[in-house]
Amino acid sequence: MLIEQELIERARTGDAGAFNQVVLAYRKRILGTISRLIGRPEDVEDVAQEVFVRLYYSLDQLRTAEVFEPWLYRLTVNAAYDYLRRVKRRSESRMADLSEHQVMMADSIAGGRQEDEERQRGKVREFMDALFRHVSEEDRLLLTLKEVEGLSLKELEAIYGAKENALKVRLFRARQRVLKAYSAAKEAGTL
Amino acid sequence: MTDGDYQLDGLFQRYRAACPDVDAGPNFMPTLWAKIENRRGFAFTFERLAKPLMTVLAAVCILLFVLNLTGVGQNNSPAASYTDALAADSSAERTYYTEAIRDDPSRFQAPVEFRHSRSR
């Protein structure tokens with residue numbers, strides 16, 4: 001825990017100062033997690049603020065301060081999920097599969113050309129985004145938390161409130177789908 | 001683990017590097033509190049309207065219940081049972097009963113031999 005449980009208890013009773021301190025303590029971590037969950041730096045702050053607004057209005061439902069972190073992660077995952085669904089609705093007209101442009105991006109990633117660092121990062125994000133379109137938003141988030149964030153199955157169990165075996169099966173299937181899409185991109189002669 | 005699995009793991013690591021931790025901008029906290037206040041305003045308005053609305057709806061429910069009870073008492077006699085309802089139904093009286101009418105009996109007379117035998 002990044003903060004004392006007593007601070008969470010105070011925030012639960014409506015202490016604005018204590019809530020401010022909670023936000024300041026977790027802000028960086030939540031911003032980082034959201035950045036990896038949604039892959040769009042321009043919208044990270046907006047989603048993070050939504051997480052903390054939801055936290056503010058749901059703190060009274062928190063049973064004990066001990067489960068605060070999984071609770072906060074769950075709010076983060078839910079906010080990221082809502083965001084991804086909104087974005088998906090907006091971009092449904094776009095092609096779902098890897099476009100020629102994305103295949104070219106994959107080529108440049110593999111080729112390791114000396115390009116501008118930020119441009120290169122953007123290409124990696126877009127390529128992963130294209131791969132993640134082969135799984136549902138829920139599976140994308142789960143896979144990202146496990147493979148990119150590096151959360152353990154125990155931590156995921158606490159966040160999702162699901163059995164470890166069920167999570168393993170879901171992770172395996174999601175990973176296989178992403179792997180298949182990745183292999184298809186490779187077979188296209190780009191990687 | 002296949003070769004593809006290792007490559008995918010590498011790609012996940014590159015994705016992590018491509019999405020570094022983000023520092024919040026200077027307006028993060030003011031905007032957050034503005035959003036909290038904005039939602040509190042909506043929640044407060046909703047709560048303020050919801051309470052009287054609930055009272056009115058509860059009163060309407062009680063009124064309808066009372067009317068229903070008194071209404072059942074009045075309607076007992078005409079349709080107490082299915083047979084009573086059938087008896088009360090006057091639609092059968094309005095049903096037309098049609099039959100062939102012989103307006104000119106001479107056109108339908110029996111053959112002559114029969115007529116004679118009968119007259120005998």
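**Exercise 1.** How do α4(A) and α7(A) lie to each other: roughly parallel, roughly antiparallel, roughly perpendicular or oblique?

*Solution.* The model is predicted; local features need pLDDT of at least 70, side-chain atom pairs count only at pLDDT 80 or more, and totals for chains, interfaces and linings use all residues. Residues are numbered from 1 along each chain as its sequence is written, with chains lettered from A and ligands numbered from 1 in the order in which they are written.

Step 1. Two packed helices are described by the angle between their axes and the distance between the axes. Axes are lines fitted to C-alpha atoms, for helices over the stretch in contact, and angles run from 0 to 180 degrees between N-to-C directions. Helices (H or I, at least four residues) and strands (E, at least two) are DSSP runs, numbered from the N terminus.

Step 2. For α4(A) and helix α7 (residues 137-148) of chain A, the angle is about 135 degrees and the axes are 10 Å apart.

Step 3. Angles under 35 degrees count as roughly parallel, over 145 as roughly antiparallel, 65 to 115 as roughly perpendicular and the rest as oblique. α4(A) and α7(A) are therefore oblique to each other.

Step 4. The crossing of α4(A) past α7(A) is right-handed (left-handed if the near helix is turned anticlockwise from the far one by less than a right angle, right-handed if clockwise).

Step 5. On α4(A), Val77(A), Ala80(A), Tyr81(A), Leu84(A), Arg85(A) and Lys88(A) meet Glu137(A), Glu138(A), Arg140(A) and Leu141(A) of α7(A). Contact requires C-beta atoms, placed from the backbone, within 7 Å. By class, this contact has five nonpolar, no polar and five charged residues (Ala, Val, Leu, Ile, Met, Phe, Trp, Tyr, Cys and Pro count as nonpolar, Asp, Glu, Lys and Arg as charged, and the others, Gly among them, as polar).

**Exercise 2.** Describe the packing of α3(A) on α4(A).

*Solution.* Step 1. Helix α3 (residues 44-58) of chain A packs on helix α4 (residues 68-90) of chain A at about 130 degrees, with axes 9 Å apart. The two are therefore oblique to each other, and α3(A) passes α4(A) in a right-handed crossing.

Step 1. From α3(A) the contact takes Val47(A), Glu50(A), Val51(A), Arg54(A) and Leu55(A); from α4(A) it takes Leu72(A), Leu75(A), Thr76(A), Ala79(A), Ala80(A) and Tyr83(A). The classes are eight nonpolar, one polar and two charged.

**Exercise 3.** Describe the contact between chain A and chain B.

*Solution.* Step 1. Here 26 residues of chain A are in contact with 20 residues of chain B.

Step 1. In chain A, α2 (16-38), α3, α6 (117-132), α7 and α9 (164-187) each supply at least two residues of the side that touches chain B. This side has 14 nonpolar, five polar and seven charged residues.

**Exercise 4.** Is Phe172(A) buried or exposed?

*Solution.* Step 1. Phe172(A) is in helix α9 of chain A.

Step 1. A residue is buried if 20 or more other C-beta atoms lie within 10 Å of its own, exposed if 12 or fewer, and partly exposed in between, with C-beta atoms placed from the backbone. Phe172(A) has 10 C-beta neighbours inside 10 Å, so Phe172(A) counts as exposed.

Definitions and conventions:
Two residues are in contact if their C-beta atoms, placed from the backbone, lie within 7 Å.
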